[in-house]
Amino acid sequence: MTPHRLGARAPVRLPVRPRPEPNELLSSWLFRLAQANTQKLHSLSRTLFGDRQIWNRDIDRLAGPEVLAALEGATGIRATDLRVHTLPSFEGRVYDRHNANGITAWILPLGIYHRTHRRHGLQYCPACLKERPAFLTLWRLSLSVVCPLHGCDLHEACPACGAPVIPFRVDAAAHLSKSLPTYSPHTCCFQCGFALDRAPVTAADPALVAWQRTVHEAIIGSGMMTVRGVGAVPLLEYLSVARLWLTLLTFGRRAERLRELVDVPVKLTTGARGRSLDHLDVQTRRVAVLAFVTLLEGWPERMVDWSRAARIRRSTLLQDMAEPPGWYLDALRPLEYVNPRRALTFTLSDLAALEALAHAGDRRSLILLAYHEGESLRAIARTYGGTTSGIRKTVTLFVAGSPRRIKAGTERPDGDL
Ligand SMILES: [Zn+2]
Ligand SMILES: [Zn+2]
């Protein structure tokens with residue numbers, strides 16, 4: 001066959017066109033599509049996509065408009081409907097922006113090397129596979145640790161030989177006549193042939209199952225989660241807090257004492273180079289998520305208790321968060337006093353002088369009064385501008401200051417506020 005440029009010829013309409021299952025990964029459906037047309041996956045790919053090498057990349061992450069358009073031509077299923085079966089469809093729901101060239105938060109990396117996956121990037125539920133031979137988009141997310149339908153733990157490897165799950169590498173030719181609606185050879189281990197739908201079904205913690213169900217429902221549908229004592233919050237906000245806490249619970253900096261308290265045994269998946277939540281094996285993630293669920297059950301008091309017990313600084317509880325959600329900042333409010341607030345002692349005349357200056361619009365006096373009244377540093381910074389460390393410095397200078405401290409113009413301005 002001569003090499004073709006993608007999309008440069010009339011579409012080949014396939015005779016048999018099974019539709020993707022709900023939430024099925026594009027790659028899983030492609031395998032079944034080839035199977036239904038008694039073609040090898042790689043022959044079909046060549047027919048549809050020409051010389052484009054799609055299987056040595058993460059096709060579910062990277063299938064772009066050209067690949068989807070070729071599939072629309074071959075099956076009559078609209079490209080926009082097919083996009084739902086790719087991982088970029090999670091953009092705006094699970095993470096802000098899909099990063100085609102690098103790491104995307106919550107997506108399990110495959111660690112692709114010469115068409116082989118070195119990481120356990122695809123999870124599965126044996127009971128789901130038994131019902132319908134389809135791997136699901138949700139199984140590529142590190143936040144998925146159990147199956148909400150069957151209440152069991154997800155697997156991330158072949159239980160017989162430990163190989164990662166690479167459905168497209170199953171030798172379909174050996175099975176060409178065996179494809180049935182309830183069975184497809186790609187649900188077998190590519191390495192040893194073990195039928196993954198026969199992997200052990202282990203009952204998961206009911207609290208974890210309930211949590212997984214609400215998260216999956218939010219991803220697929222509502223986009224909202226409920227937080228105890230807060231109410232409905234956007235899923236993206238919820239997940240930013242979840243990601244921070246799951247990181248602290250596993251390997252986050254300055255949270256060692258928290259891990260001693262909660263005791264999550266951390267294991268990275270094989271071949272892991274990077275170090276993020278998405279490189280942890282499923283057992284570790286499951287234990288960490290269960291700890292996070294326990295935290296949420298006592299929100300917000302339990303979060304404050306744990307943070308105090310583990311002596312985690314407030315700044316650590318906000319690290320890497322570009323825009324901490326307001327409800328999270330509210331929950332952290334009691335922790336602003338972990339570093340004991342300096343008591344501001346005034347004589348009555350001091351206070352009167354300060355109030356007079358504040359009344360005249362003196363910013364420093366306004367800040368000191370707000371602090372004196374118990375406002376949080378963050379709230380003060382928001383109201384009067386500047387940074388929390390700048391506010392802290394103003395207070396420190398005031399406390400260390402001379403008796404002249406309240407007279408206007410006698411003290412250096414606090415420069416970097
Ligand atoms: Zn299941
Ligand atoms: Zn195997």
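Modeller: Start with the hairpin of strand 5 and strand 6: three residues lie between the strands, and Gly-229 there takes a positive phi near 80°. Helices (H or I, at least four residues) and strands (E, at least two) are DSSP runs, numbered from the N terminus.

Colleague: How far can I trust any of that, and how do the numbers run?

Modeller: This is a predicted model, where local features need pLDDT of at least 70, side-chain atom pairs count only at pLDDT 80 or more, and totals for chains, interfaces and linings use all residues. Residues are numbered from 1 along each chain as its sequence is written, and chains are lettered from A and ligands numbered from 1 in the order in which they are written.

Colleague: How many bridges join strand 5 to strand 6?

Modeller: Four, and strand 5 (residues 224-227) and strand 6 (residues 231-234) run antiparallel. Two strands pair if DSSP finds at least two bridges between them. Met-225 has Val-233 in strand 6 as its bridge partner.

Colleague: And the whole chain?

Modeller: The protein chain has 16 helices and six strands. Of its 417 residues, 39% are buried. Buried means 20 or more other C-beta atoms within 10 Å of the residue's own, exposed means 12 or fewer, and partly exposed is in between, with C-beta atoms placed from the backbone.

Colleague: Is helix 1 enclosed or open?

Modeller: Largely enclosed by the rest of the structure, because ten of the eleven residues of helix 1 (residues 26-36) are buried. Among them are Trp-29, Phe-31 and Arg-32. The cover over the buried residues includes helix 2 (41-49), helix 3 (59-62) and helix 5 (79-83). Just after helix 1, Thr-38 takes a positive phi of about 45°.

Colleague: You mentioned helix 3. Is Arg-61 buried or exposed?

Modeller: Arg-61, which lies in helix 3, is buried, with 20 other C-beta atoms within 10 Å. Not counting residues up to four places away in sequence, Arg-61 touches Leu-87 and Ile-107; contact means C-beta atoms, placed from the backbone, within 7 Å. Arg-61 and His-98 are 37 residues apart in sequence, with 8.7 Å from C-alpha to C-alpha.

Colleague: What about Leu-261?

Modeller: Leu-261 is in helix 9 (residues 256-262). It counts as partly exposed because it has 13 C-beta neighbours inside 10 Å. Leaving out residues up to four places away in sequence, Leu-261 touches Trp-306, Ala-309 and Ala-310.

Colleague: Different topic. At what angle do helix 14 and helix 16 cross?

Modeller: Roughly 90°, and the axes of helix 14 (residues 363-372) and helix 16 (residues 388-399) come within 10 Å. Axes are lines fitted to C-alpha atoms, for helices over the stretch in contact, and angles run from 0 to 180 degrees between N-to-C directions. Helix 14 is therefore roughly perpendicular to helix 16. Under 35 degrees counts as roughly parallel, over 145 as roughly antiparallel, 65 to 115 as roughly perpendicular and the rest as oblique.

Colleague: Which residues make that contact?

Modeller: Arg-364, Ile-367, Leu-368 and Tyr-371 of helix 14, with Ile-391, Thr-394, Val-395 and Phe-398 of helix 16.

Colleague: And helix 13 against helix 14?

Modeller: The axes of helix 13 (residues 348-359) and helix 14 come within 7 Å and cross at roughly 125°, so helix 13 is oblique to helix 14. Leu-354, Glu-355, Leu-357 and Ala-358 in helix 13 meet Ser-365, Leu-366, Leu-368 and Leu-369 in helix 14.

How values were computed. Two residues are in contact if their C-beta atoms, placed from the backbone, lie within 7 Å.
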